[in-house]
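Please keep the sequence and the three-dimensional view side by side while reading.

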Amino acid sequence: MNLSIQQISKTYPNGLKALDQISIDLKPGMFGLLGPNGAGKSSLMRTIATLQLPDHGQIYWNGKDIFQHKIDFRKVLGYLPQDFGVYPKESALQLLDYFAILKGINNKNERKKIIRYVLNMTNLEEVKHKKVSTFSGGMRQRFGIAQLLLNNPKVIIVDEPTAGLDPAERSRFLNVLRNIGKEHIVIFSTHLVEDVRELCQDMAIINKGRVIRQIPPKTAIESLKGNIWQSEKEKEQWNDLSCPVIELSHHFNDANQLTTRIFAERQPANHFIATPVKLEDYYFLTLNQMK
Ligand code: ADP
């Protein structure tokens, strides 16, 4: 199973270049598309979902061009857009049955079996008789995953699924994706670095329509070992530094004191304390290097 995105570019009619020669190779597992708002994540996902054509470039599914074999590719594709906006008054069970019929699963027993499976995968078994319109945000997102799993897709695209979820719902949702990612190619977009660290074996950092880096999160963290420091001193007091520093982020510590995280090849001054690397450091450093 392999999805190969090659040199995809897209300029919208208003002249905005949303995708600029994007190339990514995807294998089974969770793949994170990480980037700030407006980076081009949704544009890329809509393109992979064959909902819009690129101006240049190709995407190959197991060696076949997806735009030339749209119907075949859509059969193996599950796509959960950012606004999965339909929340009808039917129960989850009724709706899944309806969707399963639409997807061509005509045999009643077969439908029952697959519906039991998708309810189980998404932890919705207990609420299957509840109206989807009464579901919380997290339950709706899981329902979105349940319906896309009905035709056993091989490639699953989920666009910013954790936006707006509270921490408990977010964690439940990430667990559902984690299980699904074992057997499928799951492409998952987010602007939350934590989502990617918790979930993804591989990731691409996207900004201004370009892939800035494709790297496994673990490798990214490893690559900065010994280079991340933090200081509680205000920047105006950073005198006589022994090497250049790149500011990454600011946080308040437990004592409500502002601390600054920086990248530096070695300890720039005594008040900089070595600190364990976070994926966030890698992300900010990468975006910073683009400026
Ligand atoms: P992200 O998902 O990373 O937030 P998007 O792919 O939604 O990024 O957007 C990338 C850029 O393309 C943004 O500047 C956005 O305003 C623009 N854009 C997105 N869709 C359209 C469209 N249909 N027409 C014109 N511009 C668009």
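This is a predicted model: local features need pLDDT of at least 70, side-chain atom pairs count only at pLDDT 80 or more; totals for chains, interfaces and linings use all residues.

Residues are numbered from 1 along each chain as its sequence is written, and side-chain values use heavy atoms, with hydrogens and water left out.

The protein chain is divided into domain 1 (3–217) and domain 2 (222–290), with bounds that come from an automatic or database domain assignment. Taken over C-alpha atoms, the centres of domain 1 and domain 2 are separated by 35 Å. To the contact between them (heavy atoms within 4.5 Å), domain 1 gives 14 residues and domain 2 gives eight residues.

Helices (H or I, at least four residues) and strands (E, at least two) are DSSP runs, numbered from the N terminus, and two strands pair if DSSP finds at least two bridges between them. An open sheet is formed by four strands in the order β2-β1-β4-β5, with antiparallel pairing. At its edges stand β2 (17–26) and β5 (64–65), each of which has a single partner strand, so one side of each is left without a neighbour in the sheet. Strand β4 (residues 56–61) pairs with β5 in the antiparallel sense over two bridges, and Y60 has D65 in β5 as its bridge partner. Across β1 (3–11), β2 and β4 lies helix α1 (residues 41–48), which runs at about 60 degrees to β2; axes are lines fitted to C-alpha atoms, for helices over the stretch in contact, and angles run from 0 to 180 degrees between N-to-C directions.

A further strand to follow is β9 (residues 202–207), which is mostly covered, since five of its six residues are buried, where buried means under 20% relative accessible area, exposed over 50% and partly exposed in between (1.4 Å probe, protein chains only). Strand β3 (residues 29–34) runs parallel to β9 and is joined to it by four bridges, with I205 in β9 as the bridge partner of L34. Strand β10 (residues 210–215) pairs with β9 in the antiparallel sense over five bridges, and there V211 in β10 stands opposite I206. The hairpin of β9 and β10 has two residues between the strands, and K208 takes a positive phi near 50 degrees in it.

The interior can be described through its nonpolar cores, each a set of buried Ala, Val, Leu, Ile, Met, Phe, Trp, Tyr and Cys residues joined through side-chain atoms within 4.5 Å. The largest core has 52 residues, of which I145, L177 and M203 touch the most other members. Helix α5 (residues 137–149) supplies the largest share of this core, six residues, and at least three residues come from each of domain 1 (3–217) and domain 2 (222–290). Leaving aside residues up to four places away in sequence, L177 touches M30, I145, V158, V186, F188 and L199. A second, separate core of 28 residues includes I5, L33, I187 and A204.

Burial also applies in a loop, for S91 lies between β6 (77–80) and α3 (92–102) and counts as buried at 7% relative accessibility. Not counting residues up to four places away in sequence, S91 touches K128, H129, K130, K131 and V132.
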